[in-house]
Amino acid sequence: MIDALEWRYATKKFDNTKRIDSSKVEMLKKAFNLTPTSYGLQPLRLVVIKEQELKDKLFENSYNQIQVKSASHVLVICTENIVDEPFINHNFELQKEIRNTKDETVKSFREFLIKDFGKKSDQDIKKWAINQAYLALGNLLTICAAEKIDACPMEGFDSAAYDRILNLNEKGISSALVVPVGYRAEDDKFAGFQKVRRPQTETIIEY
Ligand SMILES: Cc1cc2nc3c(=O)[nH]c(=O)nc-3n(C[C@H](O)[C@H](O)[C@H](O)COP(=O)(O)O)c2cc1C
């Protein structure tokens with residue numbers, strides 16, 4: 001895994017003649033969906049884009065960062081706009097269906113969550129959901145590294161423009177993070193750069 005983590009880098013230019021095959025895209029979708037989330041509520045969705053026309057439009061709204069245009073696929077990690085009682089109940093219904101969990105077993109936890117989220121402001125819920133988006137990002141980056149798929153984590157994009165272009169508001173979600181994926185271009189000079197990391201003596205504390 002360390003070799004894989006050293007191999008990966010934030011890819012700036014992809015070889016746009018190379019496409020990730022569909023079985024690998026399916027694997028990335030599964031890995032996204034297997035990401036653990038706070039309370040297991042999964043306030044996330046993933047938009048997977050392969051249409052070039054759409055990637056070109058998104059590129060213009062990502063400070064012209066070439067990785068968005070040249071990637072095989074652009075993944076957009078989105079957060080749910082509403083995490084309310086029906087949303088929480090849906091999760092418990094799934095649990096009931098999959099694990100045959102009895103209503104009385106989860107009653108107090110279900111009530112706690114509904115009450116707790118009911119007290120949170122929209123902003124608090126957004127912040128909580130975005131934290132889960134970062135976890136999905138980390139998971140995807142590690143999986144990509146293990147599978148020798150190049151990727152670039154990205155915060156540098158116009159979220160409102162993405163929401164408009166991809167009709168995300170209609171779906172009740174907002175774009176949080178972008179991950180272009182594909183295969184590095186031979187002339188991406190960043191591929192040969194040494195990794196810059198603070199020394200472990202500075203970042204690790206052991207007792
Ligand atoms: C949350 C996050 C957002 C980032 N946003 C961008 C971005 O918009 N554009 C970009 O080129 N790199 C972006 N990066 C890449 C970082 O600059 C890069 O990961 C860091 O310098 C470490 O280099 P490495 O990933 O090549 O090891 C982002 C990284 C993270 C984790």
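Helix α6 bends by about 30 degrees at Phe109. The bend at a residue is the angle between axes fitted to the seven residues ending there and the seven starting there. This is a predicted model, in which local features need pLDDT of at least 70, side-chain atom pairs count only at pLDDT 80 or more, and totals for chains, interfaces and linings use all residues. Residues are numbered from 1 along each chain as its sequence is written, and side-chain values use heavy atoms, with hydrogens and water left out.

**Helix α6**

- Helix α6 covers residues 103-119, and its 17 residues should span 24 Å at 1.5 Å a residue. The expected span is 1.5 Å times one less than the number of residues.
- Val106, Arg110, Leu113, Ile114, Asp116 and Phe117 are the buried residues of α6. Buried means under 20% relative accessible area, exposed means over 50%, and partly exposed lies in between (1.4 Å probe, protein chains only).
- An α-helix has 3.6 residues a turn, so residues three or four places apart point the same way.

**The whole chain**

- The chain holds nine helices and four strands. Both are DSSP runs, numbered from the N terminus: helices are H or I with at least four residues, strands are E with at least two.
- Along the sequence, the pattern reads α-α-β-α-α-β-α-α-α-β-α-β-α.
- The C-alpha atoms fill a box of roughly 60 × 50 × 35 Å, taken along the principal axes.
- Of the 207 residues in the chain, 40% are buried.

**Around the ligand**

- A ligand nitrogen atom is 2.8 Å from an N or O atom in the side chain of Gln65. A ligand oxygen atom is 3.1 Å from an N or O atom in the side chain of Lys12.
- Gly156 takes part through its backbone: one of its polar backbone atoms is 2.9 Å from an oxygen atom of the ligand.
- The protein covers 65% of the 620 Å² of accessible area that the ligand has on its own. Accessible areas come from the Shrake-Rupley method with a 1.4 Å probe; for residues, only the protein chains shown count as cover.

**Positive phi in loops**

- Most residues other than glycine have a negative phi, and most peptide bonds are trans.
- Tyr39 has a positive phi, near 60 degrees. Tyr39 sits in the loop between α2 (22-33) and β1 (44-49). Its relative accessibility is 36%, so Tyr39 counts as partly exposed.
- Asn167 has a positive phi too, near 50 degrees. Its loop runs between α8 (159-165) and β4 (173-182). Asn167 is partly exposed because its relative accessible area is 38%.

- Gln67 and Lys12 are 55 residues apart in sequence, but 5.1 Å apart in space, C-alpha to C-alpha. Gln67 lies in helix α4 (residues 66-70). With a relative accessible area of 2%, Gln67 is buried.
- Lys189 and Lys13 are 176 residues apart along the chain, and their C-alpha atoms are separated by 8.6 Å. Lys189 is in the loop between β4 and α9 (200-203). Lys189 counts as exposed because its relative accessibility is 57%.
- Asp56 and Ser70 are 14 residues apart along the chain, with 8.8 Å between their C-alpha atoms. Asp56 belongs to helix α3 (residues 52-60). At 24% relative accessible area, Asp56 is partly exposed.

Note on methods:
Polar contact = N/O pair within 3.5 Å; in protein donor to acceptor, adjacent residues only side chain to side chain.
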